[in-house]
Each structure stands twice: as C-alpha cells, then as structure tokens.
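Welcome to this structure. Here are some numbered notes to read alongside the sequence and the 3D view, one topic at a time.

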Amino acid sequence: MTPHHPTLLEPHTSPSLHTAPHVIVRGEGVRVWDSEGRSYLDGTSGMLCTNLGYSQPRLVQAAARQMAKLPFFASYAHRTNDVTLALADDLARLSPIPMGRTFFANSGSEATDSAIKLAWYYHGCLGRRRRTKILSQERGYHGTTVAAGSATGLDHVHKGFGLPLPSFLKVACPDPNGPQAEGLTEEQFVERLVSGLEQLIEAEGASTIAAFIAEPILGAGGVVIPPPSYYPRVQEVLARHDILFVVDEVVTAFGRTGAMFATTEFGLSPDLITLAKGLSSAYAPISAVMVGRRVADTIAKGSATIGAFGHGFTYSGHPLASAVAREALAVLVDEDLPGHVRDTAPLLLKGLERLRGDAVSDVRGYGFLAAVTFAPDAVGRPADGWAPAVMARAADNGLLVRASGDSIVFAPPLVSTAAEIQLMLDLFEKSYRSVLMETRFAPR
C-alpha cells in the first residue's frame, strides 16, 4: 500500500494507519473487484449482509423504479409512504412471532437503540419507570452507537468511548467451547449460565431490569452457537420476572441459518426482533424492529397517557430502501434461498472440518455461518496471530474472509452455488496450509 493523506475516517480501523485502504470498485454475483482490477470471491457477504450477492438485477430495477416514482417521503406525524406500509405488511406475513407493528430505522445499531427505547417505553406505559437496566452477553454484538455499543460485549467497542453506560449489565457468554464450560457437561454448563443470570437479576432487582438482548448465534463474537437448552431456560427466567426478550437477528434473519428467521429455527419466543443487513441484502440502508403484539398493544394503550412515541429518524421507512427490501424478500421466497442454504451448508461445514488438527482447534457452523478457530499456542504461531495471517494470505489468493479474535469467519452470500462454495474452501485450505508450512519451517 502506498502512503496517502487520508480524508476518510474509516469505521473499525485505527486512524493511525498511513497506508491507502484496499478499495473495492465493482461487484457481480459472489465476486468483487478492487481498484487494481483483481477479483475476489466474497466469503463473508460484505459485512455478513449482501446475502443475494452483487448487482442482483431485480433489486437494481426495484431501486430505479422507486427513485423515479417517489425518491423520498418521511414517516412522521401520522403521514408515511405507500411502499413502507407495504413492507410492514410483508414482514407481518413472514413474522415468526405474533405481530403487533414494525418500526423502521437505517442500521443494526439504530434497530438496537430503538428496541431498547421501546422496552423502556413499554415499562413506562405500565408505570414501571425504574425498569431501565439492559442485560446482554459478553462477546455479543449489537452495534456501536451509545446504547447499542453499551449492550455489545466486546472491549474494542468500548475503549476510548466511556462505554458501557452504567445501566447495561453483562452475563457470561454461552460458548460451549469457552473456559467457563471446561470440564462441564452441556447440562452443567447451561445450569451455570442460568444460575448466573438468576443471581444477577436477584442482585440488581427484577424491578429495575427492562430487557435482555441476545443473538441466536453470536456472530462478531466468533460464531458462538449456544447449547440447545440454553435459550429455553433463559426465556423461562425472563418470563418469570417480566423482563422483555429482544432477539438480535441482524445477522441471522432472512435465510442465513437455513430458515427465514433463526427465531423459528431455534424455537425462540421473543418480544421484539431486530433486523437489518439481509433485509435489503445491504443494497440500501434499512433496519427494523418487529414489535410483538403484547408490547405493541401495551404501548398503543399507554401512549394515550404518555403522549406521542417520541422516537424516529428522518429516514425511517425511506421509500427507496423499503422498495429494495420488498424485492429482496420476494427473491428470497421465489428462489427458496433458505432451502438452498439448508441443502448446501453441509458442504461448507464438511470442507472446513477437514482442516481440524495442526493449528486448527475447532470448526463450527450453522447454515451459511461458520468459523475456524486456531489454537493460540500452536507451534509456529505468526507474530500477528493465526487468523490475521491466514486472512491476509486468503486475500492474496483471491478470497475475502474475516478474522475475529483467533477465528476466521465464513458467511458466504446465500446465492453461492455448491461449486462456488467448494472454490472458497479450496482457496482457504491453500491459504491456511501455506501459512502453516511457512511458520512451521521458518528459521528460528
């Protein structure tokens, strides 16, 4: 990379860097091209979001039609636009929970903030104004705005910002491969997790806790798949204390797990669901909070006393984004992409499982979301760690994957064919083994 004088403050990047960023200029299908003309297979769907691949004609045409018809009209003061109303109807028909209403925003972080405020508003409508605390998991990821960043359980999101805020509390990460699970059966581990949750609620007082927010699969935390009995037990505890359950489906919704919603796949019963990313396949910024009937009915009744729901954004329910999202949902249904994921996912998992051993300590996944974890103490560990070294080598070989701690994360576009998945696997294995050979036999 050549030195440059930056004008862009890059997200999730150290401002101390003085080299030019890697610039992507074009995308088609599951490939992207950089400014130097090199092509790459996109093994992570951009930011786990371009589920339908790049330059999908139906989405491009939907955007063009809406731009020509009505490029913008706000949803504000009981006035909205037709396409946003239609998208809310679409989501109600697909919903995995008894639906009340859908609130639209522009990003996963905004959806998290909105869900938290809805939880506060719900309890306020019931006269429970002390219920302001939010529970979430260590290593969970819910965004980087002030509230969402506070709910996130990753230190790098907190450092330098004075986060998390005091009213945001963490429970242990439900990682069956983590140190807290060592030496325990699955049943014992879940019992430890649930006991910890109960103890936190008792210590803080249930009458001060508004909601618990969690991902069905912890994505940015390293593709953590909780034990099957974990969330049913958690839901029992939350229901007993009337603490709202917010399921963060920003990553998992719209086919990634082989179902339209992971909420259905894992038998969850949330009060609110946050959505983003795959809602428009990231072609236009849009997110949503699906508000269950119980919560929606309560805030509708309570607002008569409190007053207007004083929350929203200029671009809530933007007609262009809503039009693209409607078409993205139609493509998912018309092409049965959740079914394609169910059929093809075993190829991805089986291919990665072949790498277990040597420096690879664990392989796990669900649908088109998978991770390979490296043993940090494996012989020949690169100076920057296994995951960054393998990620960089994969890019050299024409494959984009994502490092998360000691893991490499895969989240291929849902439209990836079996042949494209196999090519991703071949390029990744080539990259990993070349790093392994170089480090094992490098001069000491």
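1. Let's begin with helix α2, where R65 and A68 are exposed on the other side of the helix from its buried residues, L59, A62 and Q66. Here buried means under 20% relative accessible area, exposed means over 50%, and partly exposed lies in between, with a 1.4 Å probe and protein chains only. Seen down the axis of α2, the buried residues fall within an arc of 60°, so they line one face of the helix; the arc is that of the directions from the helix axis to the C-beta atoms.

2. A word on the source: this is a predicted model, in which local features need pLDDT of at least 70 and side-chain atom pairs count only at pLDDT 80 or more, while totals for chains, interfaces and linings use all residues. Residues are numbered from 1 along each chain as its sequence is written, and side-chain values use heavy atoms, with hydrogens and water left out.

3. Helix α2 covers residues 57-69, 13 residues in total, and its span from first to last C-alpha is 18 Å, close to the 18 Å expected at 1.5 Å a residue. That expected span is 1.5 Å times one less than the number of residues. Helices (H or I, at least four residues) and strands (E, at least two) are DSSP runs, numbered from the N terminus.

4. What covers the buried residues of α2? The cover includes α3 (82-94) and α11 (319-334). At the start of α2, a side-chain oxygen of Q56 comes to within 2.7 Å of the backbone nitrogen of R58.

5. Next, look at S316, in the loop between α10 (293-306) and α11. S316 is buried, at a relative accessible area of 7%. Beyond its neighbours within four places in sequence, S316 is in contact (heavy atoms within 4.5 Å) with S75, F103, F104, A105 and N106. The side chain of S316 also reaches the backbone oxygen of F104 at 2.9 Å. I286 is 30 residues from S316 in sequence, with 8.0 Å between their C-alpha atoms.

6. How many aromatic pairs does a search of the whole structure find? There are twelve. Rings of Phe, Tyr and Trp (its six-membered ring) pair if their centres lie within 6.5 Å; planes under 30 degrees apart count as stacked, over 60 as edge-to-face and the rest as tilted. Y231 is buried at 5% relative accessible area, and F245 is buried at 3%.

7. Another pair is F374 with Y432: the ring centres are 5.8 Å apart and the planes at 45°, so the pair is tilted. F374 sits in strand β12 (residues 369-374) and Y432 in helix α14 (residues 418-440), which links distant parts of the chain, 58 residues apart. F374 is buried at 1% relative accessible area, and Y432 is buried at 0%. Elsewhere, ring pairs join F103, Y121, F309 and F313 into a cluster.

8. Finally, find T257 in the loop between β8 and α9 (262-265). T257 is buried, with 3% relative accessible area. Setting aside neighbours within four places in sequence, T257 has contacts that include I217, V341 and Y366.

Methods. A polar contact is a pair of N or O atoms within 3.5 Å; within protein, one must be able to donate a hydrogen and the other to accept it, and residues adjacent in sequence count only if both atoms are side-chain atoms.
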